Amino acid sequence: MSRTRTTFRCRDCGAAAPRWAGRCATCGEWNTVEEEATVPDGPPGGADGSPRRPEAAPVEIGVLAGLDEPVMPTGLAEFDRVLAGGLTPASVTLLAGEPGTGKSTLLLQVLAGLAAGGRRSLLVSAEESLAQVHRRADRLGALCPGLWVAADTDLGRIRAAASRLAVDVLVVDSVQTVSDPASGSPPGSVAQVRACAQRLVDDAKSGGPAVVLVGHVTKDGSIAGPRVLEHLVDTVLTFEGERHDTLRMLRAVKHRFGPVGELGLWEMTGAGLSGVTDAGALLLADRRPGTPGSVVFPALEGRRPLLVEIQALVAPAAPGTARRAASGYETGRLTQLLAVLERRAGLALGGQDVYVSAVGGIRLADPGADLAVALAVASAATGRVVDEDLVVLGEVGLGGELRRVPNAARRLADAGRLGFGRVLAPAGSAVADGLALLAAGTLEEALDGHLGRLSRPPRLRVVTGGHPSAG
Ligand code: TYD
Ligand code: MG
C-alpha cells in the first residue's frame with residue numbers, strides 16, 4: 001500500500017525541506033517555504049515526483065554521428081547570434097525578463113521568422129486575449145501562415161494542441177500563468193510551475209516541439225518563484241532594457257548547445273524590435289564631447305566589441321553622508337577604486353558624492369573597465385575634460401599598477417572607424433591597426449602623463465553651505 005507524504009519547497013531557490021520553516025535553510029530567504037502537493041510514496045521518480053523517462057538502451061558513442069538535427073535559424077540575426085545559430089529542435093528555453101521589456105514582442109517576431117523559413121509554431125498566450133495578440137502581430141507584420149495562436153491556461157489542452165498541430169516550436173507565455181489540474185498543486189505555486197515545465201520538457205525530449213517558456217522576473221533579477229526552472233531547461237535567456245530607454249539586450253546565461261556570453265541588441269520601435277547592427281555608434285550617440293566625467297571604454301560582449309561611454313559625477317556631499325553609487329559597474333569595486341585613487345594617485349574624494357554610470361544600461365562585469373572608471377571620476381572631480389578621441393582600457397591593481405586586458409585588439413576593432421585615434425592602456429597592450437597606444441604603467445602615470453589636459457589633479461577643497469567637506 002502506498003503512503004502519502006507532504007513535502008515543502010522554497011519558492012525562491014527550489015530547495016526541498018522536510019518540514020515547514022519561516023526561513024529557507026538553503027537560500028536564507030524568509031517566508032518562501034511552502035507546502036507542495038502531497039505525493040504518493042512509491043518507486044523513485046524524477047526530482048518533482050513525476051515518473052522517470054524510460055531509459056534508452058546504451059549505444060556506442062560513435063554510432064550517434066549524424067543524429068544531431070540542425071538548429072532552426074529564426075532569421076532574427078540578433079536572436080540567432082545569442083543562440084549560436086538558432087533554436088535547437090526538441091530543446092527547452094526559458095526567456096526571462098521583467099514585465100514590459102518586450103518578451104512577447106520578441107517571441108512573435110521569432111515565430112514570424114521561423115514561419116518564413118517554413119516552420120510551424122503554436123503561440124500560447126495565457127496572459128493576453130487573442131484579439132490583443134492579433135493586434136500586436138498585425139503591427140509587427142507577423143500574420144503568417146503556419147503560426148497558430150491560442151489563449152489558454154490549461155496545460156493538458158496546450159500539449160494536446162501542440163501535438164495535434166505537429167508544430168516545430170511551442171511558446172508558452174507565460175509559464176507562471178499555465179496550470180495542470182492533474183498536478184494537484186495549488187495554481188500559481190512553485191510546485192505547479194515546476195510540474196508544468198517538467199511536462200513540457202518531457203514532451204520536448206520525447207519527440208515533441210522545441211519549447212520556449214516565458215518567465216517573469218522580479219525586481220532583484222531572480223526568475224520569480226521558478227528560479228528552479230533554470231536547471232530543468234536547456235537554455236536560459238535574459239531579456240533586459242531600461243524602461244525609459246529603447247535599447248533591449250538579450251543574453252544567454254545558460255546554453256547547452258553553444259557558448260554563452262554573446263549579446264543580442266535591439267531598439268524597441270513603433271513596429272517592434274529592430275536589430276542593432278552598428279552597436280558602437282548606438283551607445284555613443286548621446287555623448288556630449290567637452291563634458292568632464294565622460295570616458296569611452298571598449299567593452300567586449302561575447303565576440304562583439306562595444307564602445308561604451310562611462311559617465312561620472314562628483315558632487316559635494318552633506319556632512320557625513322558621502323554616497324557612492326554605480327549603475328552598470330559594481331559598487332564595491334567602485335569603492336575600492338576610489339581608495340586606490342586617493343592613496344596611489346592623490347585624488348581625495350572624502351566628503352564627495354561619487355556617481356558612476358555605464359550609458360545605455362550596459363553592465364560592466366569586466367575589471368578591464370577600472371581605468372576608464374577611475375579616469376571618469378578624476379575628470380569629473382577636477383572638471384578637466386578627457387580628450388574626445390581617446391579610448392581607455394586597463395585593470396587597476398590595489399598598488400595602483402595597471403594590468404593588461406585580454407582581447408584588446410578585438411575590443412578596439414571598431415574604434416578607428418568611429419573616430420577614435422588613441423588608446424590609453426597598460427604598456428604592451430595590443431591595439432588595433434591605425435590606433436596609437438599611450439602606454440602607462442600606473443594609475444598615477446595614466447592621470448599625470450598621457451592626457452594632455454588632465455594632469456595630476458589638485459587635492460580637492462570644496463566648500464558647501466559654509467563648511468569644508470573635503471580636504
Ligand atoms: P511586451 O512584448 O508586451 O512586453 P512583455 O511581454 O515583456 O511584458 O511589450 C512591452 C512594451 O513594448 C509595451 O509597453 C509596448 C512596447 N511596444 C512597442 O514600443 N512597439 C511595438 O511594436 C510593440 C509590439 C510593443
Ligand atoms: Mg508579455
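The following paragraphs go through a predicted model from its overall make-up to single residues.

Residues are numbered from 1 along each chain as its sequence is written, and chains are lettered from A, with ligands numbered from 1, in the order in which they are written. Because the model is predicted, local features need pLDDT of at least 70 and side-chain atom pairs count only at pLDDT 80 or more, while totals for chains, interfaces and linings use all residues; side-chain values use heavy atoms, with hydrogens and water left out.

The chain has 10 helices and 23 strands; helices (H or I, at least four residues) and strands (E, at least two) are DSSP runs, numbered from the N terminus. Of its 471 residues, 49% count as buried. Buried means under 20% relative accessible area, exposed over 50%, and partly exposed in between, with a 1.4 Å probe and protein chains only. Among the contacts with a separation of 6 or more, 67% come from residues 24 or more positions apart, where contact means heavy atoms within 4.5 Å.

The nonpolar interior comes next. A nonpolar core is a set of buried Ala, Val, Leu, Ile, Met, Phe, Trp, Tyr and Cys residues joined through side-chain atoms within 4.5 Å. The largest such core has 65 residues, of which L341, V377 and L443 touch the most other members. Helix α8 gives the most to this core, with 10 residues. Leaving out residues up to four places away in sequence, L443 touches V340, L341, A345, L371, A374, V396, G400 and L402. A second, separate core has 33 residues, including L83, L107, L111 and A210.

Helix α8 (residues 370–382) packs with helix α7 (residues 331–345) at an angle of about 65°, and their axes are 10 Å apart. These axes are lines fitted to C-alpha atoms, for helices over the stretch in contact, and angles run from 0 to 180 degrees between N-to-C directions. The crossing of α7 past α8 is right-handed, a crossing being left-handed if the near helix is turned anticlockwise from the far one by less than a right angle, and right-handed if clockwise. On the α7 side the meeting residues are R333, L334, L337, L338 and L341, and on the α8 side D370, V373, A374 and V377. By class, the contact of α7 with α8 has seven nonpolar, no polar and two charged residues. Here Ala, Val, Leu, Ile, Met, Phe, Trp, Tyr, Cys and Pro count as nonpolar, Asp, Glu, Lys and Arg as charged, and the others, Gly among them, as polar.

In strand β5 (residues 121–125) lies S121, which is buried with a relative accessible area of 1%. Outside its sequence neighbours up to four places away, S121 touches L111, G146, L147, W148, V167 and V169. L147 is in strand β6 (residues 147–150) and counts as buried at 15% relative accessibility. The C-alpha atoms of L147 and L122 are separated by 6.0 Å, although the two residues are 25 apart along the chain.

The structure holds one aromatic pair. The ring centres of F239 and W266 are 5.9 Å apart and the planes are at 75°, so the pair is edge-to-face. Rings of Phe, Tyr and Trp (its six-membered ring) pair if their centres lie within 6.5 Å; planes under 30 degrees apart count as stacked, over 60 as edge-to-face and the rest as tilted. F239 belongs to strand β9 (residues 235–240) and W266 to strand β11 (residues 263–269), 27 residues apart, and the pair links distant parts of the chain. Both F239 and W266 are buried.

Some loop residues remain. G360, in the loop between β16 (352–358) and α8, counts as buried at 18% relative accessibility. Apart from residues up to four places away in sequence, G360 touches D245, L247, M249 and L283.

Most residues other than glycine have a negative phi, and most peptide bonds are trans. N31 is not a glycine but has a positive phi of about 55°; N31 is in the loop between β2 (16–17) and β3 (33–40) and counts as exposed at 56% relative accessibility. N407, also not a glycine, has a positive phi of about 60°; N407 is in the loop between β19 (402–403) and α9 (408–411) and is partly exposed, with a relative accessible area of 47%. A cis peptide bond, with omega about 5°, joins D173 and S174, and S174 lies in the loop between β7 (169–173) and α5 (190–205).
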